[in-house]
Amino acid sequence: MPTADISPVHVIGGGPAGLATAAALKERGVRAVVLERGSDVGHSWRRHYARLRLHTTRRWSALPGLPIPRSAGRWVARDDFVAYLERYARHHRLELAAGVAVSRVEAAESGGWRLAANGGRVLHASAVVVATGNSHTPRLPEWPGTAEWGGTLLHAAEYQEAEPFRDRDVLVVGVGNTGADIAVELAARGAARVRLAVRTSPHIMRRSTLGWPTQAGGVLTRRLPLPVADGLARPVTRTVPNLGRHGLPRPEDGLFTRARGGSIPVIDTGLVRAVRRRQVEVVETPVEFTADAVRLADGEEITPDTVIAATGYRTGLEELVGHLGVLDEDGRPLVHGPRVHAAAPGLRFTGYTNPISGMLREIARDAPKVADAVAADLAAARLAAERAEQPEPAERRRGRARRRAAAEAAAAPAEPGSAG
């Protein structure tokens with residue numbers, strides 16, 4: 001393949017992981033095109049609720065090559081982070097194809113990859129980096145009876161602010177950081193009643209303790225054995241009041257043990273105070289909806305006007321790459337970062353972890369590693385193509401002919417009478 005014919009690398013997703021990887025590729029002289037389904041970078045971030053602030057520090061939330069400005073504060077707000085992503089794309093002069101939604105990635109017969117996109121587009125890539133993120137497809141539980149229920153049911157992805165829910169009775173389902181933030185805001189901004197449905201009580205942490213950010217502890221202890229890390233975290237978790245009598249007891253499992261299993265601690269942005277003041281009531285999780293009520297796991301029936309399901313997201317990768325054998329049973333990539341799966345060399349995933357050390361920090365650390373691996377693959381492919389184009393030297397052809405003749409002579413049968 002002539003060097004000029006090598007297709008660009010396509011990075012699917014214009015969020016932090018995609019932008020950081022594209023910038024790192026450009027720095028290494030590799031042309032990368034960012035394919036973003038939205039009208040601009042940071043599509044998923046623009047849809048998050050307006051109250052959102054990063055729980056990771058400004059310093060450890062920046063992408064390689066451009067700091068987040070100090071004016072954004074220590075805990076960056078949603079709109080400030082979106083503005084930073086826009087500035088990042090301009091600063092690195094990234095090649096962005098907005099409004100391009102890729103539906104399927106397939107290996108091309110001639111090498112590289114073939115991408116099917118909206119509008120009948122067919123794109124060709126020498127390598128593909130998938131960076132569509134964890135918050136791609138809202139996950140809404142299939143509760144029985146929701147079709148007959150007379151109230152309003154929505155996913156947290158549809159929630160923007162509290163004002164539409166003023167004077168309403170709201171049940172928030174899920175006590176991750178999103179559910180906790182929404183419940184606190186509803187209680188503070190005029191909802192008539194706020195309940196928070198909890199299946200498993202989480203660890204609750206302060207954003208910082210005596211000026212020391214919780215994220216820093218996660219960074220320093222992330223590689224320690226779990227019993228050691230759990231032991232070091234225990235005194236910090238106990239600085240938060242025990243809400244056991246309010247329905248949120250401290251978990252028996254250690255913080256890092258929980259985090260390793262995917263249960264990241266809830267960062268307190270007012271939940272503890274709201275629960276202690278009974279502005280947010282903790283209840284069991286829903287199991288069934290009826291025409292005029294919601295039945296909880298303990299048998300209680302409640303009658304909220306609105307149910308907001310802060311029940312997380314799926315990666316939504318099944319249609320895109322599920323046929324390639326690179327996903328686990330939950331639809332998550334089997335390999336991550338610079339590694340590739342044997343079934344799909346040249347296809348990589350980044351931005352699909354949520355470690356206690358901070359997702360954005362790990363994205364920033366992964367980007368140069370992914371770019372190095374992609375650049376090395378392309379250099380090897382380019383070298384092989386160049387060698388295939390070059391005629392074989394005459395001396396090498398004569399040597400190969402002599403070796404073939406010698407081998408044929410050795411294999412020929414001996415003539416009669418030539419022995420003994």
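A cavity is here a set of points on a 1 Å grid over the protein atoms alone where a 1.4 Å probe fits but cannot get out, and its lining residues have an atom within 4 Å of a point. Grid points are joined across faces, edges and corners, and a volume is the space filled by probe spheres set on the points. The structure is a predicted model, in which local features need pLDDT of at least 70 and side-chain atom pairs count only at pLDDT 80 or more, whereas totals for chains, interfaces and linings use all residues. Residues are numbered from 1 along each chain as its sequence is written, and side-chain values use heavy atoms, with hydrogens and water left out.

Two cavities of 30 Å³ or more were found in a search of the whole structure. The largest cavity holds about 100 Å³ of space. It is lined by 13 residues, of which Pro 202, Ile 204, Val 240, Pro 241 and Arg 250 are the closest to its centre. Eight residues of this lining are nonpolar, four polar and one charged, where Ala, Val, Leu, Ile, Met, Phe, Trp, Tyr, Cys and Pro count as nonpolar, Asp, Glu, Lys and Arg as charged, and the others, Gly among them, as polar. For the second largest cavity the volume is about 40 Å³. Its lining consists of Ser 44, Arg 47, His 48, Ser 135, Ala 157 and Tyr 313, and these divide into two nonpolar, three polar and one charged.

His 136 is located in the loop between β7 (127-130) and β8 (137-138); helices (H or I, at least four residues) and strands (E, at least two) are DSSP runs, numbered from the N terminus. Between His 136 and Val 82, which are 54 residues apart along the chain, the C-alpha separation is 17 Å.

His 55 is placed between α2 (43-47) and α3 (78-91) and, at 18% relative accessibility, counts as buried; buried means under 20% relative accessible area, exposed over 50%, and partly exposed in between (1.4 Å probe, protein chains only). The side chains of His 55 and Arg 207 are joined by a polar contact of 3.4 Å. Beyond four places in sequence, His 55 touches Trp 75, Asn 177, Asp 181, Arg 207, Ile 267 and Thr 269. His 336 belongs to the loop between α9 (318-321) and β22 (347-349). Its side chain reaches two backbone nitrogens, that of Gly 351 at 3.1 Å and that of Tyr 352 at 3.0 Å. With neighbours within four places in sequence set aside, the contacts of His 336 are Phe 349, Thr 350, Gly 351, Tyr 352, Thr 353 and Asp 366.

Strand β20 (residues 306-309) directs Thr 306 and Ile 308 one way and Val 307 and Ala 309 the other, and all are buried. In a regular strand the side chains alternate between the two faces of the sheet. Strand β9 (residues 152-155) runs parallel to β20 and is joined to it by four bridges, two strands being paired if DSSP finds at least two bridges between them. Strand β10 (residues 169-173) likewise pairs with β20 in the parallel sense over four bridges. Ala 309 in β20 is the bridge partner of His 155 and stands opposite Val 173.

A separate description applies to an open sheet of three strands, with the order β17-β18-β19 and antiparallel pairing. Strands β17 (286-289) and β19 (301-302) stand at its edges with a single partner strand each, so one side of each is left without a neighbour in the sheet. Two bridges connect β18 (residues 294-296) to β19, and Val 294 stands opposite Ile 302 in β19.

Key: A polar contact is a pair of N or O atoms within 3.5 Å; within protein, one must be able to donate a hydrogen and the other to accept it, and residues adjacent in sequence count only if both atoms are side-chain atoms. Contact means heavy atoms within 4.5 Å. On a 1 Å grid over the protein atoms alone, a cavity is a set of points where a 1.4 Å probe fits but cannot get out, and a pocket is an open set with protein on both sides within 12 Å along at least five of seven lines; lining residues have an atom within 4 Å of a point.
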